[in-house]
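Hello,

Here is the structure I promised to pass on to you. Please have a look, and then read my notes below.

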Amino acid sequence: MQKAFFEIFRDTDYQLHLGVSENNAFDPHYHSNIEIVYLIEGEIEITVGEETQLLTAGQLAVADSYDVHSYRTPEHSLSYVMIIPLELVGSFSRSNEGKTFATPFLTDPAKTAPVLEAIRGIEQLHESNPLATKGYLYVILGLLSEALALVPCARSVGTIGPMRDILLYLDHNFQNPVQMTDLARQFGYNKDYLSRIFNSTIGCGFKHYLNLLRARHAANRLQSSDDSVSDIAECAGFTSQRSFNRVFREIYGCTPVEYKRSAR
C-alpha cells in the first residue's frame, strides 16, 4: 500500500476550491479540509480510510478532516471536486468536534441530487456572493450529515500510522502550551525522532504547524465574534500579542485587525 502524503499547502490555502475534474487520479493523501467528489459521468474508484468503492454517475464520496483518500479512474470519469477549508464552516466544525461521517459514500441519487443542486449554486455564485456560498456549504454539510450520519471518530489510522493520531491530538490541544517534548511523551517517541518524522511526513516543522492551527482558530474567531484581538490571541494559544501579530501576518498576509475589518 502506498504511503499517504500530507498536503500542507491545503492547510495554508484558506480558499474554497470547486472545479470539474476529468479522469481524476490521485495518490493517497490527507489534509484538514473536507473534500467532496460528486461523479457526473463515468466511473471512479475512491478510497477513504480503509473503505473503497467504485462510484457511478450521481454518487458521491466525502473525506473528512485527516481522512486518507485517493482516486483512480478505470477508463473515464468526470466529477465535481470541492475542497472546503474548515475556516469557512467553523460552526459545523465546532458543533461536530470529535465526530465523523459513519460512511464516506452516498450512493442514493435521490439523496445526492440536492447536494448537486447546492454545488451548482456555489459554482454560479461563489466568486460574486461569498455569503450565499457559505450558506450553500452549510446546506451541503447538513444534507451529508443527515444522509450519512455522524458518529464518534474511531476510524483506523490506516496508511499514515501514528501521524493521524498526532494531528488529531494537536487539533484538539493547540490552544494549550504544547511542546514537542509533551507530544513525544504523549505518544511514546524520542523527541528528536518525532521531530524528524513530523518534518518528513507533514513537510514543515512542529512549531510552524502548531502556529497554522492557532492562526486558523484566531481567524475564525475574528470573523465570528466581537471579542477583542488580545482575547482571541490568548484563546488561540499565543503567549503574546507580538507573536500573534507576527505569525498571523506571515500566514494571512495582513494583521489580525486588518483581517477582522475586512471580514465585516
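What follows is a short tour of what turned up, grouped by topic.

First, some housekeeping. This is a predicted model, in which local features need pLDDT of at least 70 and side-chain atom pairs count only at pLDDT 80 or more, while totals for chains, interfaces and linings use all residues. Residues are numbered from 1 along each chain as its sequence is written, and side-chain values use heavy atoms, with hydrogens and water left out.

**Confidence**

The average pLDDT (the predictor's confidence in each residue, from 0 to 100) is 90 for the protein, and 95% of the residues score at least 70. Residues 155-159 fall below 50, although this stretch has 16 contacts (heavy atoms within 4.5 Å) in the model beyond near neighbours in sequence. Where pLDDT is low, the predicted coordinates should not be read in detail.

Helices (H or I, at least four residues) and strands (E, at least two) are DSSP runs, numbered from the N terminus. Strand β8 covers residues 77-84 and contains Ser79. Seven of the eight residues of β8 are buried (under 20% relative accessible area, with exposed meaning over 50% and partly exposed in between; 1.4 Å probe, protein chains only), so the strand is largely enclosed by the rest of the structure.

Which strands pair with β8? Strands count as paired if DSSP finds at least two bridges between them. Strand β2 (residues 17-22) runs antiparallel to β8, with six bridges, and Glu22 sits opposite Leu78 there. Strand β4 (residues 34-48) is also antiparallel to β8 and is joined to it by eight bridges; Val37 has Val81 as its bridge partner.

Ser79 itself is buried, at 0% relative accessible area. Leaving aside residues up to four places away in sequence, Ser79 touches Gly19, Val20, Ser21, Asn24, Val37, Tyr38, Leu39 and Ile40.

**Aromatic pairs**

The whole structure has 11 aromatic pairs. The rule takes rings of Phe, Tyr and Trp (its six-membered ring) with centres within 6.5 Å, and calls planes under 30 degrees apart stacked, over 60 edge-to-face and the rest tilted. Phe6 and Tyr209 are edge-to-face because their planes stand at 75°, with ring centres 5.8 Å apart. This pair links distant parts of the chain: Phe6 belongs to strand β1 (residues 5-6) and Tyr209 to helix α8 (residues 206-224), 203 residues apart. Phe6 is buried at 5% relative accessibility, and Tyr209 is buried at 0%.

Tyr189 and Tyr193 make a stacked pair, 5.7 Å centre to centre with 25° between the planes. Tyr189 is partly exposed at 25%, as is Tyr193 at 38%. One aromatic cluster is made up of Phe6, Tyr30, Phe198, Phe206 and Tyr209.

**Helix α5**

Helix α5 (residues 163-173) has several buried residues, among them Ile166, Leu167, Leu168 and Leu170. The buried residues of α5 pack against β1, β3 (26-30), α6 (180-187), α7 (191-202) and α8.

**Salt bridges**

How many salt bridges are there? The count is seven, taking a side-chain nitrogen of Lys or Arg within 4 Å of a carboxyl oxygen of Asp or Glu. One of them joins Glu7 to Arg10, with the closest N and O atoms 3.6 Å apart; Glu7 and Arg10 are both buried. Another joins Asp227 to Arg221 at 2.2 Å between the closest N and O atoms, and Asp227 is partly exposed at 29%.

Glu250 and Arg246 also form a salt bridge (3.6 Å, N to O). They lie four residues apart in helix α10 (residues 241-252), about one turn of the helix. Glu250 is exposed at 57% relative accessibility, whereas Arg246 is partly exposed at 46%.

**Cysteines**

The structure holds zero disulfides, a disulfide being a pair of cysteine sulfur atoms within 2.5 Å. For Cys254, the nearest cysteine sulfur belongs to Cys235 and is 19 Å away. Cys254 is buried at 15% relative accessibility, and Cys204 is buried at 9%.

Best wishes
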